[in-house]
Amino acid sequence: MGLSVTISAADAQDAEHILKLQYLCYQSEAELYGDWSIEPLTQSLDALRAELDEGYGLVARLGDEVVASVRARLDEDGTVRIAKLIVHPRMQRHGLGGRLLDGIERHFGADTAPAEPSAKRFQLFTGHRSEGNLRLYRSKGYEQVAARELGPKLTLVTLEKAAA
């Protein structure tokens, strides 16, 4: 009998598992750009906990194992900034990234609790060589709105879509 993947809100107990998964997942990005000093690889556990406290996170679990995660926060201008969408390498290309994006969009969408402001737009970024990421984001309706060269090896591509 196979296990199914469940998605739920991330909490403080998930932080260490997310950090370990983040370190694993960003190895390929570091290799792609020749830069092992990228923030996801140097982030502290305390900094990750602060991100969870200040925003909203989701985790996907296969049984008890955290196999994917994403974090987001809503700015004052109505922009949901989505960050660190990660999926365990052995679980990639099974739709988990898309399900996590959908979950973030639902959480911050127009049907949120009346006490919480809803999003006007969703925004995320990735490196220009991260073709799998770009393909996923474009398939979910995100369009490039900016590109900023951070150095000779990396151009940061910002993608955005309007909230429904």
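I started with Arg 93, which counts as exposed because its relative accessibility is 75%. My cut-offs: buried is under 20% relative accessible area, exposed is over 50%, and partly exposed lies in between, with a 1.4 Å probe and protein chains only. Arg 93 is found in the loop between β4 and α5. Helices (H or I, at least four residues) and strands (E, at least two) are DSSP runs, numbered from the N terminus. Arg 93 has a positive phi of about 70 degrees, although it is not a glycine. I made a note of that because most residues other than glycine have a negative phi.

Before going on, I wrote down that this is a predicted model, where local features need pLDDT of at least 70 and side-chain atom pairs count only at pLDDT 80 or more, while totals for chains, interfaces and linings use all residues. Residues are numbered from 1 along each chain as its sequence is written, and side-chain values use heavy atoms, with hydrogens and water left out.

I found Lys 84 in strand β4. Is Lys 84 buried or exposed? It counts as buried, because its relative accessibility is 10%.

Val 87 sits in strand β4, which covers residues 79-87. Val 87 has a relative accessible area of 11%, so I put it down as buried. For contacts I used heavy atoms within 4.5 Å. Leaving aside neighbours within four places in sequence, Val 87 is in contact with Cys 25, Val 67, Ala 68, Gln 92, Leu 96 and Gly 97.

Next I looked up Leu 100, in helix α5 (residues 96-107). Leu 100 is at 0% relative accessibility, so it counts as buried. Its contacts, leaving aside neighbours within four places in sequence, include Ile 7, Leu 58, Val 70 and Leu 85. I also checked Leu 100 against Ala 60: they are 40 residues apart along the chain, and their C-alpha atoms are separated by 7.8 Å.

**A buried arginine**

Which strand holds Arg 61? I found it in β2, residues 56-62. Arg 61 has a relative accessible area of 18%, so it is buried. Its side chain makes a polar contact of 2.3 Å with the side chain of Asp 14. A polar contact is a pair of N or O atoms within 3.5 Å; within protein, one must be able to donate a hydrogen and the other to accept it, and residues adjacent in sequence count only if both atoms are side-chain atoms.

**Two helices crossing**

Last, I looked at helix α1 (residues 15-25) and helix α4 (residues 45-54), whose axes come within 10 Å and cross at roughly 115 degrees. The axes are lines fitted to C-alpha atoms, for helices over the stretch in contact, and angles run from 0 to 180 degrees between N-to-C directions. I therefore wrote down α1 and α4 as roughly perpendicular to each other. Angles under 35 degrees count as roughly parallel, over 145 as roughly antiparallel, 65 to 115 as roughly perpendicular and the rest as oblique. Among the residues that meet, I noted Ile 18 and Leu 19 in α1, and Leu 48 and Leu 52 in α4.
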